[in-house]
Amino acid sequence: MNPYTKTAIILSACCFFHFTHAQSVNSTEAENEPAVIFQKRMEREQPEKKYFPLASLLITGSLITYGFTSLGNEGLKNLNRDFQEDIWADHPHRLVAIDNYLMLAPAISVYGLNAMGIKGQNNFKDRTMILLLSNMIMTTTVFSIKKISRQLRPDGSNYNSFPSGHTAAAFSSAEFLYQEYKEISPWYGVAGYAMAMTTGYLRMYNNKHWLNDVVSGAGIGIISAKISYWLYPKIKEKFISNKMPGTVIMPSLQHGSPGLVLIHQF
């Protein structure tokens with residue numbers, strides 16, 4: 001089996017159960033569509049009580065646990081080395097920089113779709129605050145773990161390998177796109193997760209991360225977005241005004257370092 005196929009299988013497993021669980025819920029709703037439409041209309045007329053999706057903890061927790069376990073397990077370390085040899089050592093190639101931008105593409109797509117009139121779950125203010133919160137949770141988690149774990153990158157450039165910040169940002173961005181448009185079409189989420197998976201693969205393709213870095217990054221990214229969607233309504237109810245400026249600056253990851261992204265509402 002070639003390295004591209006093996007990597008695709010591993011990264012696809014990061015998303016499979018997440019979409020299986022979500023689509024099983026959507027299928028049940030489709031069977032009783034008139035009642036669902038009435039229920040959603042009633043929910044929009046009264047405050048919605050948000051419950052944390054506990055099932056997602058099993059999925060993302062497994063991804064993160066795998067990553068941490070790989071730090072001390074020789075068998076999983078050997079698997080990391082095997083993947084890296086297949087992708088890099090046995091197939092030398094030029095580095096690409098697209099992963100530095102692809103990780104943000106799903107989130108940017110949300111604003112692009114809204115600009116084209118395809119409205120998502122939240123208005124500009126709410127979705128931007130959710131994105132900000134998700135990025136803060138993700139960035140804080142990633143860089144805290146990097147500082148503690150101090151794992152050497154495959155290319156030997158530094159000790160910031162675990163977990164992959166680019167992958168975490170990509171999967172957080174993909175989950176953001178999925179949450180905003182899951183009621184319109186699941187294919188928006190599929191497209192976002194495809195971009196996130198590609199980002200994770202490219203981090204190994206560029207010899208910047210091990211397999212376990214990417215898998216854990218995916219888990220951290222997904223759970224960061226889910227936490228923000230659960231937590232934001234509670235924060236909004238107590239602390240946030242209905243007024244919000246049309247321009248927002250939010251944290252991001254660029255070339256492995258924290259940076260800023262400017263979002264403006266026209």
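Author: Happy to! Let's start with Tyr181, which is buried, its relative accessible area being 0% (buried means under 20% relative accessible area, exposed over 50% and partly exposed in between, with a 1.4 Å probe and protein chains only).

Reader: Before we go on, what kind of model is this, and how are residues numbered?

Author: It is a predicted model, in which local features need pLDDT of at least 70 and side-chain atom pairs count only at pLDDT 80 or more, while totals for chains, interfaces and linings use all residues. Numbering starts from 1 along each chain as its sequence is written, and side-chain values use heavy atoms, with hydrogens and water left out.

Reader: Thanks. How many helices and strands does the protein chain have?

Author: Ten helices and two strands; these are DSSP runs numbered from the N terminus (helices are H or I with at least four residues, strands E with at least two). From the N terminus on, the order is α-α-α-α-α-α-α-α-α-α-β-β.

Reader: And how much of the chain is buried?

Author: Buried residues account for 44% of its 266 residues.

Reader: Are Phe176 and Tyr229 buried or exposed?

Author: Both Phe176 and Tyr229 are buried. Back to Tyr181: its ring and that of Tyr188 have centres 5.0 Å apart and planes at 40 degrees, so that pair is tilted. Tyr188 is partly exposed, with a relative accessible area of 24%.

Reader: Which residues form an aromatic cluster?

Author: Tyr111, Phe124, Phe176 and Tyr229 form one. Tyr111 is also among the buried residues of helix α6 (residues 105-115), which include Val110 and Leu113.

Reader: Switching to helix packing: at what angle do α6 and α9 pack?

Author: About 145 degrees, with their axes 9 Å apart. Axes are lines fitted to C-alpha atoms, for helices over the stretch in contact, and angles run from 0 to 180 degrees between N-to-C directions. Ala105, Pro106, Ser109 and Leu113 of α6 make the contact with Tyr188, Gly192 and Met195 of α9 (contact means heavy atoms within 4.5 Å).

Reader: And what about α4 and α9, what angle there?

Author: Helix α4 (residues 74-89) and helix α9 (residues 186-205) pack at about 80 degrees, and their axes are 9 Å apart. That makes α4 roughly perpendicular to α9 (65 to 115 degrees counts as roughly perpendicular, under 35 as roughly parallel, over 145 as roughly antiparallel and the rest as oblique). Gln84, Ile87 and Trp88 in α4 meet Tyr201, Met204 and Tyr205 in α9.

Reader: Last one: is Asp99 buried or exposed?

Author: Asp99 counts as buried, at 1% relative accessibility. Its side chain has a polar contact of 3.4 Å with that of Asn206. A polar contact is a pair of N or O atoms within 3.5 Å; within protein, one must be able to donate a hydrogen and the other to accept it, and residues adjacent in sequence count only if both atoms are side-chain atoms.

Terms used. Rings of Phe, Tyr and Trp (its six-membered ring) pair if their centres lie within 6.5 Å; planes under 30 degrees apart count as stacked, over 60 as edge-to-face and the rest as tilted.
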